[in-house]
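Colleague: I'm new to this one. Could you take me through the surroundings of the ligand?

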Amino acid sequence: MSNKNMKTSQISGFYKLPVEKRVEFVQTFADLSAEDFKILKKSLDIQTTDRMIENVIGNFEIPLGIAVNFKINGKEVLIPMATEESSVVAAASNAAKIARIQGGFSVKSTDPIMIGQIQILGIEDIVTAAENIMNEKDKILAIANAQDKILVNLGGGAKDLEVRILESPTGKMLVTHLLVDVRDAMGANAVNTMVEALAPILAEITGGYVRLKILSNLADKRLVTATAVFDKEKMGGEHIIDQFLESYTLASIDPYRAATHNKGIMNGIDAVIIATGNDFRAIESGAHAYAARDGQYTSLTRYWKDDDGNLVGEIELPLAIGIVGGAGSIHPKALVCKKILQISTAQELAEIIAAVGLAQNFAAVYALSTVGIQKGHMSLHAKNIAMMAGANESEIDTIAEQMIQEGIVKLDRAKELLEQLR
Ligand code: MEV
């Protein structure tokens with residue numbers, strides 16, 4: 001079982017191992033302590049939960065799985081994924097296995113720049129007001145940076161300003177964007193504190209009044225890109241790639257398909273976001289807004305064939321995630337998941353998450369353009385149905401297998417089979 005020396009995330013039959021053995025593998029891979037091991041196994045204590053949200057009555061558990069086979073910028077990575085949806089972890093692992101034949105995923109990201117919006121109304125001469133703001137840029141940035149000395153000392157802080165004049169049914173308004181490098185934080189707190197502090201000075205400079213002052217989740221200056229080459233032979237030949245590209249094309253031209261296609265991407269992305277204690281609503285809103293940036297909602301991924309006929313996939317999206325602050329710094333399991341990922345910056349984590357999004361999307365479109373999606377879903381689905389029919393641990397597999405053989409995966413049939421078995 002020891003994989004310490006070779007340190008690879010590639011392991012076949014991981015799904016066949018008992019849970020204890022899987023944890024052991026992860027523990028060795030990521031050098032987890034005995035305490036981490038305990039944290040993975042036990043439920044969150046209620047005192048911790050009671051500090052996280054209001055009116056707590058308990059914990060709501062989501063399964064935590066590990067996607068294997070990922071190689072990202074040459075590094076072996078095990079991916080913790082928290083999701084209630086069956087097949088997601090298996091699909092990501094399979095996609096990563098195909099991607100690694102041609103070297104795995106290549107990832108890159110911009111600096112972690114977040115946007116804070118300040119809405120200014122009631123201005124008489126809006127063009128002059130916009131110019132005046134830009135003329136006072138140094139002073140404005142200094143006031144913003146005075147709010148977060150720690151961030152500035154870490155190399156982050158308010159870096160730039162943009163002004164936008166927007167038309168609305170009730171007249172023109174001036175929207176100032178404060179661009180803040182938030183380093184390893186998600187950034188909402190830092191940015192919101194800065195934009196609130198800037199309200200009086202912007203009102204004074206423009207002669208107007210400030211209404212909204214809040215971070216934008218369309219973090220389009222905090223972008224991450226992942227690419228991978230999916231091996232032609234492993235995929236079943238060039239005709240399979242043609243089938244894949246036909247399927248993908250629909251997502252690129254049709255919002256009805258693009259919504260489902262991107263949902264598949266978010267299956268993977270959200271699972272890592274949740275496992276690391278990040279804000280999945282922020283990521284969802286940013287991703288979908290970015291997918292509609294040119295006026296029509298479209299796919300977050302792109303695919304084409306390379307000169308050798310292999311399939312190349314690419315994803316680009318905003319990923320406002322942090323590794324310091326927020327729930328991820330309190331939730332003990334999120335802390336262990338970050339250890340498993342062996343990351344030291346938020347950018348590294350964002351890059352891994354983008355690779356998972358691409359893997360998830362590749363796996364879905366590959367299945368959809370060949371055997372269909374139901375085949376992969378059936379095994380776990382049949383087990384769930386058997387469980388719903390009342391089967392116990394020793395009965396679940398027998399009933400599920402029988403239903404799959406018959407091609408009837410239904411609650412009624414599971415109940416009949418259970419009666420027969422007993
Ligand atoms: C299901 O959760 C996700 C898929 O519908 C994604 C897709 O259609 O690409 C399979």
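Modeller: A word on terms before we go in: helices (H or I, at least four residues) and strands (E, at least two) are DSSP runs, numbered from the N terminus. What you see is a predicted model, where local features need pLDDT of at least 70 and side-chain atom pairs count only at pLDDT 80 or more, while totals for chains, interfaces and linings use all residues. Residues are numbered from 1 along each chain as its sequence is written, and side-chain values use heavy atoms, leaving out hydrogens and water.

Now the ligand. Around it sit Glu85, Arg257, Thr260, His261, Lys263, Gly264, Asn267, Ala364, Leu368 and Ile373; a residue counts as near if one of its heavy atoms lies within 4 Å of the molecule. Helix 11 (255–275) and helix 14 each bring at least two residues to that shell, and helix 11 gives the most, six. Sorted by class, the shell holds three nonpolar, four polar and three charged residues. Here Ala, Val, Leu, Ile, Met, Phe, Trp, Tyr, Cys and Pro count as nonpolar, Asp, Glu, Lys and Arg as charged, and the others, Gly among them, as polar.

The side chain of glutamate 85 has an N or O atom 2.6 Å from a ligand oxygen. For lysine 263 that distance is 2.7 Å, and for a polar side-chain atom of arginine 257 it is 2.8 Å. On its own the ligand exposes 300 Å², and the protein buries 85% of that (areas by the Shrake-Rupley method with a 1.4 Å probe; for residues, only the protein chains shown count as cover).

Have a look at asparagine 267 too, which lies in helix 11. With a relative accessible area of 16%, asparagine 267 is buried, a label that means under 20%, with exposed over 50% and partly exposed in between (1.4 Å probe, protein chains only). Leaving aside residues up to four places away in sequence, asparagine 267 touches Glu85, Val88 and Gln360, contact being heavy atoms within 4.5 Å.

Terms used. Polar contact = N/O pair within 3.5 Å; in protein donor to acceptor, adjacent residues only side chain to side chain.
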